[in-house]
Amino acid sequence: MPAGAPALDAFAIAAPGLEPWLTRELRELGLAVTDTEGGAAFSGSIAAVYQANLHSRLASRVLVRIAEFHARALGELARRASAVAWETWLPPGAPVLIRASARKSRLYHTGAIVERVAEGITKRVSAEPSRRRGDFEEEEADEAGALTLLVRLSDDRCTISIDSSGALLHRRGYRQAVAKAPLRETLAAAMLMASEWRPADGLADPFCGSGTIAIEAALFARDIAPGIGRSFAFERWPAHDPALWNATCDEARARVKPAAPGPILASDRDAGAVAAARENAARAGVDADVAIAQAPLAAAPLGPPGAWIVTNPPYGVRVGEAAPLRDLYAALGKVTRDNGRRLVVLSANAQLDMQLGPGLRTILATRNGGIPVRVRRGGPET
C-alpha cells in the first residue's frame, strides 16, 4: 500500500470475555485501539494489520473494512459494490469466498446480497467469487486458498470487510499432535495474561495434555511472536508490501530472548499426551524451555516454591464424570496450599471448584469448545 494511503479500519475478533485483554495487548503493540464487544477495533496503516496478526496471542482473526455505504435496494447494492477498489485487495483469478449477514435492513436475502457483491467484484477484477451465507468468525475457510469477504447489512448500511488472517490465528502451526479435549492456544494465552503470571517465577502444569499452556508460556516468556511461523491471507493482497512485512518479521525475530527466565514444567499421567506435548514443543522451538514428564499429580514436578501452577484439569463435562474427579481436585488444592503456590485453573464445574479450597476468584469468563468456563486464581497475591 503506497505511502500516504488513508488509514485502514480494522477489527480483531476475540472469544467472548477476552476483549479487555486483547485491547491491552494491541495497545502494548502501539496500536490505536477501541475496546468493543467481540474484539478490538483499531486503525492505522497496513503495518498495524501486520503487527496484530503477527503478535496477537488472543485474537481469532483480523478483519479490514474496505467499504461502507447505504444500500436499500439490490440495484443500489450492485452499483456501489462495483465502485469498490477491489483491485487493491483481490489479485486477478483469485478464488473469493463471500459471506453475508443481514439484520434490520430492507435487504435481507443473504443469497441475493452475495450475488450482487459478486457482480461488483467481477466488473473490476477477474476474481472467482463463490457464494456462502452466514458469518464465519469461528469457522475455518470453506475453500483452500480463498480470500474471504464478510458483507454485513445492518439498518440498511452495508459494511464489507476482508479477512487478513486466513486460518484462525490460534493455529500457530506447532500443535499437530493433540491429546483428549485440547485447549485452544488463544485461551491458554488468555489464562496467562489475565492471571498476571510472571515468567521469571516459573510455571508448572500437572495436567498438560498436548502441552498448550506450557508452550504458550514459553513463547510468551521468550517474546516469540505467535504468528512468526505461519502464512497469512494478506500476503496475497495486491496491497501487500513484502519488504515491510519482511522487516516486521525480522524485527520480531530480533526481540526473541535466548531462553525462558524461569522453569516451565509440564506433566501428565498419560503417555500419549506426554509424547504429543514433546512433539508440539519441538515444533514450536521451545523444547529446551519446557521440561515434560510422565507423572500423576502426586509425583508431578512443580518446580521451585515460587513457581505458579497454571492448568486445565479435566472438569467432568467432556472428558469424564465430575464425581470421580473430586479427589483429584482436592489433591490439587492441597498441593497448592501446602506449597504456598499461586494456582490458575480453567474451570467449568462449581462443585469441583469447592474441592480446591477457599480463596479462588474468577478473573476471566469465556467458552471453551462451546462450554462456559471460568479462569480462576487462588493463592498469594502478586
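G369 takes a positive phi near 60° in the hairpin of β14 and β15, which has two residues between the strands. Strands here are DSSP runs of E with at least two residues, and helices are runs of H or I with at least four, both numbered from the N terminus. Strand β14 (residues 361-368) pairs with strand β15 (residues 371-378) in the antiparallel sense, over seven bridges; pairing requires that DSSP finds at least two bridges between two strands. Within this pairing, A365 stands opposite R374 in β15.

A word on the source: this is a predicted model, where local features need pLDDT of at least 70, side-chain atom pairs count only at pLDDT 80 or more, and totals for chains, interfaces and linings use all residues. Residues are numbered from 1 along each chain as its sequence is written, and side-chain values use heavy atoms, with hydrogens and water left out.

| Pair | N to O distance |
|---|---|
| R157 and E68 | 3.1 Å |
| E76 and R80 | 3.5 Å |
| D353 and R374 | 3.1 Å |

D353 lies in helix α10 (residues 350-355) and R374 in strand β15, so their pair ties together parts that are 21 residues apart in sequence. D353 is buried at 3% relative accessible area, while R374 is partly exposed at 23%; buried means under 20%, exposed over 50%, and partly exposed in between (1.4 Å probe, protein chains only).

E76 and R80 both lie in helix α3 (residues 74-82), four residues apart. R157 and E68 belong to a network of salt bridges with D9 and R65.

Terms used: A salt bridge is a side-chain nitrogen of Lys or Arg within 4 Å of a carboxyl oxygen of Asp or Glu.
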